[in-house]
Amino acid sequence: MKAPSAYAPWLAPLYVGAVQLGAYATARLPAQERAELLRAHSTNVDNLRAGRWRTLATSAVFVESPLPVPYGLALLAALGTAEAAWGTRRAAAMFAAGHIGASMLVYGGLRAARALSHKAVTPDTERAVDVGASYGFYATVGALAVSLPHRGARAAATAGLLALGVGPLLDRRRDFTDAGHLTALLLGMGAGAAFKIRHRVAVPLRLPSRTTPRNRRTAAPLPRRTAAPPRRPFRAGPQAA
């Protein structure tokens with residue numbers, strides 16, 4: 001298995017570049033056509049309730065507008081760091097788990113709120129545009145935070161991210177995507193902690209050998225086994241007269 005530093009991230013820049021190019025191409029469409037396209041690939045209640053499960057994947061490659069430079073660089077840094085540390089497959093699985101998991105949990109929460117009160121979830125919310133890489137981004141950052149080797153840095157990063165995730169929920173202008181971001185963050189932290197524990201258990205326990213390399217040099221060699229003399233055939237002497 002390669003060392004963590006041996007992984008060269010290639011999927012992260014490819015993904016971020018594709019999302020940004022697609023955003024510029026989508027922005028050139030007429031407003032009505034662009035809104036219908038984004039709504040068709042959204043993980044909103046209408047699409048998932050109708051069985052359009054493909055939106056769980058396609059919603060991660062569409063964004064409402066081109067990524068701002070700071071956000072694009074942060075997304076590239078987080079995904080690239082995860083890919084370099086865990087490998088392409090594991091980093092992609094973490095991103096997908098956060099994106100799909102948070103989308104499904106938000107969908108379940110909206111369906112439950114709609115069943116309890118029709119006023120809690122309006123038809124506009126059920127048909128809202130919900131696309132982008134933010135759920136996977138939050139999950140990846142959360143997993144990276146709990147994977148930091150230094151205990152103090154790990155605690156500070158975890159507390160800071162949780163504060164950033166809870167803060168928007170305290171605002172009156174909050175919407176369901178704010179809950180999705182916090183959900184994705186918690187999913188990433190849980191997955192990162194579970195992976196860390198599993199990695200510790202999987203490392204084989206190395207017992208010290210009885211003799212160190214120095215002792216092996218100075219230890220007296222065992223005596224060689226000498227070959228036994230060949231047996232001579234027994235010859236009976238002359239019998240006594």
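Trainee: Where is the place of leucine 11?
Mentor: The model is predicted: local features need pLDDT of at least 70, side-chain atom pairs count only at pLDDT 80 or more, and totals for chains, interfaces and linings use all residues. Residues are numbered from 1 along each chain as its sequence is written, and side-chain values use heavy atoms, without hydrogens or water. Helices (H or I, at least four residues) and strands (E, at least two) are DSSP runs numbered from the N terminus. The place of leucine 11 is in helix H1.

Trainee: How many helices and strands are there in the protein?
Mentor: From the N terminus on, the elements run α-α-α-α-α-α-α-α-α-α-α. The count is therefore 11 helices and 0 strands.

Trainee: Is leucine 11 buried, partly exposed or exposed?
Mentor: Buried means under 20% relative accessible area, exposed over 50%, and partly exposed in between (1.4 Å probe, protein chains only). Leucine 11 has 29% relative accessibility, so this residue counts as partly exposed.

Trainee: Which residues does leucine 11 touch, not counting those up to four places away in sequence?
Mentor: Contact means heavy atoms within 4.5 Å. Leucine 11 and glycine 87 are 76 residues apart in sequence, with their C-alpha atoms 10.0 Å apart. Beyond four places in sequence, leucine 11 touches Glu83, Thr88 and Ala92.

Trainee: How are H1 and H5 oriented to each other?
Mentor: Helix H1 spans residues 11-27 and helix H5 residues 69-86; their axes come within 8 Å and cross at roughly 155°. Axes are lines fitted to C-alpha atoms, for helices over the stretch in contact, and angles run from 0 to 180 degrees between N-to-C directions. Angles under 35 degrees count as roughly parallel, over 145 as roughly antiparallel, 65 to 115 as roughly perpendicular and the rest as oblique. H1 and H5 are therefore roughly antiparallel.

Trainee: Which residues of H1 and H5 make the contact?
Mentor: H1 passes H5 in a right-handed crossing; left-handed means that the near helix is turned anticlockwise from the far one by less than a right angle, right-handed that it is turned clockwise. H1 contributes Leu11, Ala12, Pro13, Tyr15 and Val16, and H5 contributes Gly72, Leu75, Leu76, Leu79, Gly80 and Glu83.

Trainee: How do the residues of the contact of H1 with H5 divide?
Mentor: Ala, Val, Leu, Ile, Met, Phe, Trp, Tyr, Cys and Pro count as nonpolar, Asp, Glu, Lys and Arg as charged, and the others, Gly among them, as polar. The H1 contact with H5 has 8 nonpolar, 2 polar and 1 charged.

Trainee: Are H5 and H6 parallel, antiparallel, perpendicular or oblique to each other?
Mentor: H5 and H6 pack at about 135°, with axes 7 Å apart. H5 and H6 are therefore oblique.

Trainee: Which residues of H5 and H6 make the contact?
Mentor: H5 passes H6 in a right-handed crossing. The contact takes Leu79, Ala82, Glu83 and Trp86 from H5, and from H6 Thr88, Arg90, Ala91, Met94 and Phe95.

Trainee: Is alanine 23 buried or exposed?
Mentor: Alanine 23 lies in helix H1. Its C-alpha is 7.8 Å from that of leucine 67, 44 residues apart in sequence. Outside four places in sequence, alanine 23 is in contact with Val63, Ser65 and Pro66. At 3% relative accessibility, alanine 23 counts as buried.

Trainee: With which residues is proline 66 in contact, leaving aside neighbours within four places in sequence?
Mentor: Proline 66 lies in the loop between helix H4 (55-58) and H5. At 25% relative accessibility, proline 66 counts as partly exposed. Proline 66 and alanine 27 are 39 residues apart along the chain, with C-alpha atoms separated by 7.8 Å. The contacts of proline 66 beyond four places are Gln20, Ala23 and Tyr24.

Trainee: What joins the side chains of histidine 99 and serine 59?
Mentor: Histidine 99 is in helix H6 (residues 88-116) and is buried, with a relative accessible area of 5%. Among the residues that histidine 99 touches are Ser59, Gly132 and Tyr135. A polar contact is a pair of N or O atoms within 3.5 Å; within protein, one must be able to donate a hydrogen and the other to accept it, and residues adjacent in sequence count only if both atoms are side-chain atoms. The two side chains are joined by a polar contact of 2.9 Å.

Trainee: How are H8 and H9 oriented to each other?
Mentor: Helix H8 (residues 134-146) and helix H9 (residues 151-166) pack at about 155°, with axes 8 Å apart. H8 and H9 are therefore roughly antiparallel.
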